[in-house]
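Good morning, and thank you for joining this group meeting.

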Amino acid sequence: MAGVLLLAIAGCLFGQGAAQATTKPHILLIVADDLGWSDVSWNNPYVLTPNLHTLATAGVIFNQTYGQPTCSPSRAALLTGKFPFRLGMQRVMDNKTPHGLPLDEELLPQKLKKLGYATHMIGKWHLGSCKWEYTPTERGFDSFYGYHHGAQDYYTHKSARGLDFWDGKTSVSDQNGVYSTESFATRAESIISQHDSNTPLFLYMPFQSVHTPHQVPSSYLQPFSTLQDDNRSSILGMATALDDAIKRVTDALKGKGLWDNTLTVFMSDNGGEYSDGQSNWPLRGSKGTLWEGGTRVPAFVHGNMLERTGYTYHGMMHGVDILPTLVSVAGGNEDPGLDGKNMWQSISTGADSPRTEFVYAIDSEANSYAIRVGDYKLITGLRARKDDWYAPAEMQQMGILTETVDETGPFLFNIREDPLEKSNLYGVAEYASIQRAMRHRLNELKPFEVPFPADLADDPAADPSNYGNVWMPGWC
C-alpha cells in the first residue's frame, strides 16, 4: 500500500441549470488557507475531498502554480496582479500595526465592477484594517462577510480576546458557536439565491480552512481515527469540511441556473505548515519558506468555457496572473503595469505559458531573496529553516519517513528536472554562467523593491478592549 500511495502522489507532481441571462461568465474564486500540496485528493489519495476532486479532474489541474510563502503577500499578489515586493507587502500583516495594501492600487473587484459585475467577498481579508479605507467594501466589494485578520477561533470568531467577524462594516455577534466554514457556505447560498441573473457575479471566497486552530465538527474526524497524529487528523477533517462547504456553493449555483456559465478557480494561498499537520510532501519545506513546499500550491480551474479539459497543465503560473486572466475572461483590457500575465489562452487550450520568470521573495530588510527564471531557481541571503521533506502521518505509519538534510546556501536548482530540490547546483562549474545570469537578473529587480515597514510598533489604540472587545477599524 505504501508503494502505491508513494507512486500516486509522486505521479501527480511529475508528470446544470437554466439558460444564462448574461453572456459574461460568473466567476467563483476560492482560496484555501495553508492547504498543502499533499492536502488534496488529486495529490494524495488518503485525503477525502471528493467534490474538489471532481471539479479538478473535470477541469484543468495546475501542476506548477505558485503563491507567496505566507498569506498576506499571496493575497496582495492575487488581488493586485503585482508581486508583493513592489507594494511593501512582503510579510504578514499584524493586527496592531498601521499598515495595509496601498490605497492607490486598483484591485480585482474594482476592475470587475467596471465591467458590470456584482462583487461579493466571504472569508479572510488580511490585507490591512487599521482604517476603514483598507477594508473590503472600500476596495471594490459590494458586500463582505468574514474577518479582517489572519487567524481566529472557528466557533467564537475571536482572535486574542477580540471578536473579528464582519458583515460589511457591522460587527457580527450572532454566529457564536457556528463553525466558520459552514457559516461562509450559508452566506454564499444566500448571495447566490438573491442574485440577479442579468448581472455577472464575482464571488471571492478565501476560506479560513485549513489554518490553525485545529477545530472541526467531530463527525469529520472519524474517517481518520486510525492516524496516530491528532494534528494531522484534524487537518484532514478540516479539508473534508471545506470540500463539503464548496459543494454547497456549487449546488447553489446549479440551483440558481448559473453553474453552466461559471468559471471556478481554486488555489491555496501558500504551502502548509508541517508542524501544524498540513503536508507538502513530496515537496521540500514548509509554509513561510522559499522552498517549493512553501510556495507551490494545489490549484485548478473548472468551467464550460475552457476549450480543453481533463488534463494537467504544467506551465508556469503565479498568483499575480489571476487578476489579468479573470479580467480578460470578463471582457476587460490588459494592464501593462501589472506583473501578472493573461493565462487564459494557455490554460484553456494547453498552450505554452507566457510566464518565464517570477519572484519568490525580495526582502532586503530580512536579507531574503529568491527568483525563478526559466527552469532555474536561485535562493540567496537568509532563509527560514524547515528545509526538509516532511512525510505526513499517514505515510509515516506506512514506513515513508521524513528526509532531513543539513545544507547552507546559496542554492541553485533546475526545478523542471529536480522539483524536489535535492541537487544544489550552486558553485558547480558547469552551471557558472547560469548562476551569474540569475544573480544579474535578481540585481536588476532589487531596485523596484518597496521595503516592508518593519519598524512599525504595535499601537495601543488597536487593542480590542478599547471597542467592547471587538477588533475595530478606524484607529490609524
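Let me begin with a term: a residue is called buried under 20% relative accessible area, exposed over 50%, and partly exposed in between, using a 1.4 Å probe and protein chains only. The model is a predicted one, in which local features need pLDDT of at least 70 and side-chain atom pairs count only at pLDDT 80 or more, while totals for chains, interfaces and linings use all residues. Residues are numbered from 1 along each chain as its sequence is written, and side-chain values use heavy atoms, with hydrogens and water left out.

In general, side chains of opposite charge can pair when their charged atoms come close. Here a salt bridge means a side-chain nitrogen of Lys or Arg within 4 Å of a carboxyl oxygen of Asp or Glu. How many salt bridges does the structure hold? There are 30 salt bridges.

Helices and strands will be named by number; they are DSSP runs, counted from the N terminus, with helices being H or I of at least four residues and strands being E of at least two.

A second salt bridge joins arginine 91 to aspartate 363, with 2.8 Å between the closest N and O atoms. Arginine 91 lies in the loop between helix 3 and helix 4 (108–114) and aspartate 363 in strand 15 (residues 357–363), so parts 272 residues apart in sequence are tied together. Arginine 91 counts as partly exposed because its relative accessibility is 23%, whereas aspartate 363 is buried at 7%.

Glutamate 403 belongs to the loop between helix 10 (393–396) and strand 18 (411–414), and lysine 422 to the loop between strand 18 and helix 11 (432–445), 19 residues apart. Glutamate 403 is partly exposed, with a relative accessible area of 37%, and lysine 422 is partly exposed as well, at 41%. Elsewhere, salt bridges that share partners connect Asp33, Arg75, Lys124 and Asp269 in one network.

Let us stay with arginine 75 for a moment. This residue of helix 3 counts as buried because its relative accessibility is 1%. Taking contact to mean heavy atoms within 4.5 Å, and not counting residues up to four places away in sequence, arginine 75 touches Val31, Asp33, Lys124, Trp125, His126, Leu127, Tyr204, Pro206 and Asp269.

Next comes the sheet. Two strands are said to pair if DSSP finds at least two bridges between them. An open sheet is formed by 10 strands in the order 9-8-5-4-10-1-11-12-2-13, with mixed pairing. Its edge strands, strand 9 (170–171) and strand 13 (311–313), each pair on one side only. Strand 2 (residues 60–62) and strand 13 run parallel and are joined by three bridges. Phenylalanine 62 stands opposite tyrosine 313 of strand 13.

Now to the packing of two helices. For angles, axes are lines fitted to C-alpha atoms, for helices over the stretch in contact, and values run from 0 to 180 degrees between N-to-C directions. Helix 2 packs against helix 6 (residues 230–256) at an angle of about 60°, the axes being 7 Å apart. On the helix 2 side, the contact is made by Pro50, Asn51, Leu52 and Leu55, and on the helix 6 side by Asp243, Asp244, Ile246, Lys247 and Thr250.

Finally, consider helix 8 (residues 322–329). How many of its eight residues are buried? Seven of them are, and helix 8 is mostly covered. The buried residues are Ile322, Leu323, Pro324, Thr325, Leu326, Val327 and Val329. Their cover includes strand 1, helix 3, helix 4, strand 11, strand 14 (317–318) and helix 9 (344–349). Just after helix 8, glycine 331 has a positive phi of about 100°.
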